[in-house]
Amino acid sequence: MPAVWDPQQYEHFRDARKRPFFELLARVPASSPSLVADLGCGTGDLTLSLAERWPSARVTGVDSSEPMIAEALRRPAPERVRFELADIARWSPPAPLDVLVSNAALHWLPDHAALLSGLVGLLAPGGVLAFQVPANFDEPSHRRIDEVRALPRFAPALASVRRGHAQSLAFYEALLTRFGFSVDAWETAYLHVLPGEDAVSQWLLGTTLRPVLTALGPAEGQVFLDMLRPLLRQDYPASPHGTPYLFRRRFVVATRA
């Protein structure tokens, strides 16, 4: 069952979520690309920033979520920007791309060696693959989700629900170098101070928890959250100015020779 993504919930922490995109984009060495794609474009606002950076480029945003693409299509956009509903692992452009960007999407897909092998095949000579993936899967928030997922009440329904994952920077560097790319790779740890009650669970509701809650359905999903929230409050106590939440991300910019 495809996860039901909620554009409004995802946008709840919009500024924190968009910052890594621009830090990734700042390291992309492309001056005037003709064809640009954004895989996992979500609501499309960051896709539009690609069109602003490269005013002569044709830009395509691709996402597998109907609600996200519907939200993207509601945004005013120039004719050279288009959005497509498609599986980002199987999508192919009409011509080789000069820049392929993916922000916080590839971690949902399995077998990153095969995935990246396919993605680099979409690039033109001199093309750039730039992606960012969360790397928080060993942190308390994600371990707590795994802990509740493993309970007998939930485990059968969630057995086939994929958990996000990221490979090491060394893995990405070695693989892409073998494909003939020069690679710039780094990791950043952000300390977000999140506002509001149950702030970490609110953050997770926009991303990591969506496939889980979709599989469980409304009633069991609420029970899952009721069990998870006290654990998150224990690991991430709120302070008078918000809830500190450490979040790691890995970045890769690979340029084809």
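The model is predicted: local features need pLDDT of at least 70 and side-chain atom pairs pLDDT 80 or more, while totals for chains, interfaces and linings use all residues. Residues are numbered from 1 along each chain as its sequence is written, and side-chain values use heavy atoms, without hydrogens or water.

With L246 they form a nonpolar surface patch of about 250 Å² accessible area together (Shrake-Rupley method, 1.4 Å probe, only the protein chains shown counting as cover; patch residues have over 30% relative accessible area and no salt bridge, and nonpolar side chains are joined within 5 Å; a salt bridge is a Lys or Arg side-chain nitrogen within 4 Å of an Asp or Glu carboxyl oxygen).

Next, display strand β7 (residues 243-256), where L246 is found (strands are DSSP E runs of at least two residues, helices H or I runs of at least four, numbered from the N terminus). The open sheet has 7 strands in the order β3-β2-β1-β4-β5-β7-β6, with mixed pairing (at least two DSSP bridges between two strands). Its edge strands are β3 (81-85) and β6 (181-194).

Move to β2 (residues 58-63), which pairs with β3 in the parallel sense over 5 bridges; L85 in β3 is the bridge partner of D63.

Finally, select helix α4 (residues 66-73), which lies across β2 and β3, at about 160° to β3 (contact means heavy atoms within 4.5 Å; axes are fitted to C-alpha atoms, for helices over the stretch in contact, with angles from 0 to 180 degrees between N-to-C directions).

Notes:
Patches are made of residues with over 30% relative accessible area and no salt bridge: like charges are joined within 9 Å, nonpolar side chains (Val, Leu, Ile, Met, Phe, Trp, Tyr) within 5 Å.
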